[in-house]
Amino acid sequence: TAMSLALKYQFPIIPMHINAHNSWVYYVLYFLHHELRDMTLFRELFNKTNHHYRISIAAQLDPVELVESHGNDLEQITERLRKFVAEEMPLGAREFRPKS
């Protein structure tokens with residue numbers, strides 16, 4: 001996982017949430033097959049001319065401190081971090097709390 005890589009190389013983790021929309025074609029292909037979705041992903045990154053999006057950045061996290069203070073279950077920490085970025089950051093949260 002990304003968490004294990006960050007821990008191995010002692011890279012900081014910077015939670016980021018991007019609020020934007022993709023084309024309807026992308027969403028149709030998303031439901032049809034993951035390979036079709038992945039093939040259109042590159043196109044979606046560059047077709048944002050005249051579109052607005054917002055990037056939210058939370059405080060930097062030290063992976064070593066996360067593991068030391070919240071246990072060695074990297075999958076659980078990773079899932080909690082994913083939930084924070086996908087569900088809590090859009091609501092305004094900017095500080096990650098692994099145990100909630």
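Which residues line the largest pocket? Ile18, Ala20, Asn22, Tyr26, Leu41, Glu44, Leu45, Lys48 and Tyr53 do. Here is some background before we return to that pocket.

## About the model

This is a predicted model, in which local features need pLDDT of at least 70 and side-chain atom pairs count only at pLDDT 80 or more, while totals for chains, interfaces and linings use all residues. Residues are numbered from 1 along each chain as its sequence is written, and side-chain values use heavy atoms, with hydrogens and water left out.

## The chain as a whole

The chain has 5 helices and 2 strands. Both kinds of element are DSSP runs numbered from the N terminus: helices (H or I) need at least four residues and strands (E) at least two.

Along its principal axes, the C-alpha trace spans about 45 × 30 × 25 Å. Of the 100 residues, 25% are buried; buried means under 20% relative accessible area, exposed means over 50%, and partly exposed lies in between (1.4 Å probe, protein chains only). Among contacts (heavy atoms within 4.5 Å) with a separation of 6 or more, 69% join residues 24 or more positions apart.

## The largest pocket

Back to the pocket: its space comes to about 260 Å³. A pocket here is an open set of points on a 1 Å grid over the protein atoms alone, where a 1.4 Å probe fits, with protein on both sides within 12 Å along at least five of seven lines; lining residues have an atom within 4 Å of a point. Grid points are joined across faces, edges and corners, and the volume is the space filled by probe spheres set on the points.

Helix H3 (residues 34-46) gives the largest share of the lining, 3 residues. By type, the lining holds 6 nonpolar, 1 polar and 2 charged residues. In this scheme Ala, Val, Leu, Ile, Met, Phe, Trp, Tyr, Cys and Pro are nonpolar, Asp, Glu, Lys and Arg are charged, and the others, Gly among them, are polar.

## The nonpolar core

The largest nonpolar core has 13 residues, and Met3, Ile13, Leu61, Leu66, Leu81, Phe84 and Phe96 have the most contacts inside it. Helices H1 (2-9), H4 (63-70) and H5 (74-88) each supply at least two of its residues, with H5 giving the most, 4 residues. Such a core is a set of buried Ala, Val, Leu, Ile, Met, Phe, Trp, Tyr and Cys residues joined through side-chain atoms within 4.5 Å.

Leaving aside neighbours within four places in sequence, Met3 is in contact with Ile13, Pro63, Leu66, Val67, Leu74, Ile77 and Thr78. Leu66 sits in helix H4 and counts as buried, at 6% relative accessibility. Leu66 and Leu7 are 59 residues apart in sequence and 9.4 Å apart in space, C-alpha to C-alpha.

## Two residues to look at

Gly71 lies in the loop between H4 and H5 and is partly exposed, at 31% relative accessibility. Not counting residues up to four places away, Gly71 touches Leu66 and Ile77.

His17 belongs to strand E1 (residues 16-19) and is buried, with a relative accessible area of 15%.
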